[in-house]
Amino acid sequence: MAEWWSPEGTAQAIAAGRVLVSESDGHVTGVATYSLDGDVVDLWKLYVVPAAQGTGAGAALLDAVVSGPGAGASAIRLAHLAGNDRARAFYEHHGFSETHRTAGELGGPDSVWMRLPLRK
């Protein structure tokens, strides 16, 4: 995890404009980080602070990804950890479907891959 979400890697994503934030009263309430792979948007992070969960901050971040980098994309894909039922329910509510699972590293939970088609 430290390698994936290093300060250097995060700084590079911010500098490249691939990080979106939500805020309320001047405080950051959530973050979304993405990259582009051809015409597919990879959503790597969508986190909302506990106090802001259920307020629409996560939905607003997801909408910003769909209408921003997703505007010309064919799909958005992401992975969440198996057992994270709240994340799964959120993504399913927003139209994502599970496509496959990959084994967790070092005996951890599997990654559940989901996809949202954007072009009809």
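Trainee: Where is the place of H94?
Mentor: This is a predicted model, and in it H94 sits in the loop between α3 and β5 (97-102).

Trainee: Why is H94 called partly exposed?
Mentor: Its relative accessibility is 24%. Buried means under 20% and exposed means over 50%, with partly exposed in between, so at 24% H94 counts as partly exposed. Setting aside neighbours within four places in sequence, H94 is in contact with A59, L62 and L116.

Trainee: How do you know that H80 counts as buried?
Mentor: The relative accessibility of H80 is 7%. The limit for buried is under 20%, and therefore H80 counts as buried. H80 belongs to strand β4. Not counting residues up to four places away in sequence, H80 touches A87, R88, Y91, D110, S111, V112 and M114.

Trainee: L36 is found in strand β2. Is L36 buried or exposed, and why?
Mentor: L36 has 55% relative accessibility; exposed means over 50%, so L36 counts as exposed. Leaving aside neighbours within four places in sequence, L36 is in contact with V41 and P69.

Trainee: Why is T55 called exposed?
Mentor: T55 has a relative accessible area of 57%, and the cut-off for exposed is over 50%, so T55 is exposed. T55 is found in the loop between β3 and α2. T29 is 26 residues from T55 in sequence, and the two are 9.9 Å apart in space, C-alpha to C-alpha.

Trainee: What is the phi of D25?
Mentor: D25 has a positive phi of about 50 degrees although it is not a glycine. Most residues other than glycine have a negative phi. D25 lies in the loop between β1 (19-24) and β2.

Trainee: And why does D25 count as exposed?
Mentor: Its relative accessibility is 76%. Exposed means over 50%, so D25 counts as exposed.

Trainee: Now the whole chain. What pattern does the protein chain follow along the sequence?
Mentor: It reads α-β-β-β-α-β-α-β-β, which comprises 3 helices and 6 strands.

Trainee: What makes the protein chain as compact as a globular protein of that length?
Mentor: The radius of gyration is 14 Å, close to the 14 Å that the globule rule gives for 120 residues, so the chain is as compact as a globular protein of that length. Taken along the principal axes, the C-alpha atoms fill a box of roughly 40 × 35 × 30 Å. Buried residues make up 30% of the 120 residues.

Trainee: Which residues have the most contacts inside the largest nonpolar core?
Mentor: They are L43, L46, I76, Y91 and F96, in a core of 20 residues. At least two core residues come from each of β2 (27-37), β3 (40-48), α2 (57-67), β4 (75-81), α3 (85-93) and β6 (111-117). Not counting residues up to four places away in sequence, L43 touches several residues, among them L62, I76 and Y91.

Trainee: How much of the accessible surface belongs to carbon and sulfur atoms?
Mentor: The accessible surface comes to about 7300 Å², and 56% of that belongs to carbon and sulfur atoms. As for charges, the mean positions of the 9 positive and 13 negative ones are 6 Å apart.

Note on methods
Residues are numbered from 1 along each chain as its sequence is written. This is a predicted model: local features need pLDDT of at least 70, side-chain atom pairs count only at pLDDT 80 or more; totals for chains, interfaces and linings use all residues. Side-chain values use heavy atoms; hydrogens and water are left out. Helices (H or I, at least four residues) and strands (E, at least two) are DSSP runs, numbered from the N terminus. The radius of gyration is taken over C-alpha atoms; the globule rule is 2.2 Å times the number of residues to the power 0.38. Buried means under 20% relative accessible area, exposed over 50%, partly exposed in between (1.4 Å probe, protein chains only). Accessible areas come from the Shrake-Rupley method with a 1.4 Å probe; for residues, only the protein chains shown count as cover. Lys and Arg count as positive and Asp and Glu as negative; His and the chain ends are not counted. The place of a charge is taken as NZ of Lys, CZ of Arg, CG of Asp or CD of Glu. A nonpolar core is a set of buried Ala, Val, Leu, Ile, Met, Phe, Trp, Tyr and Cys residues joined through side-chain atoms within 4.5 Å. Contact means heavy atoms within 4.5 Å.
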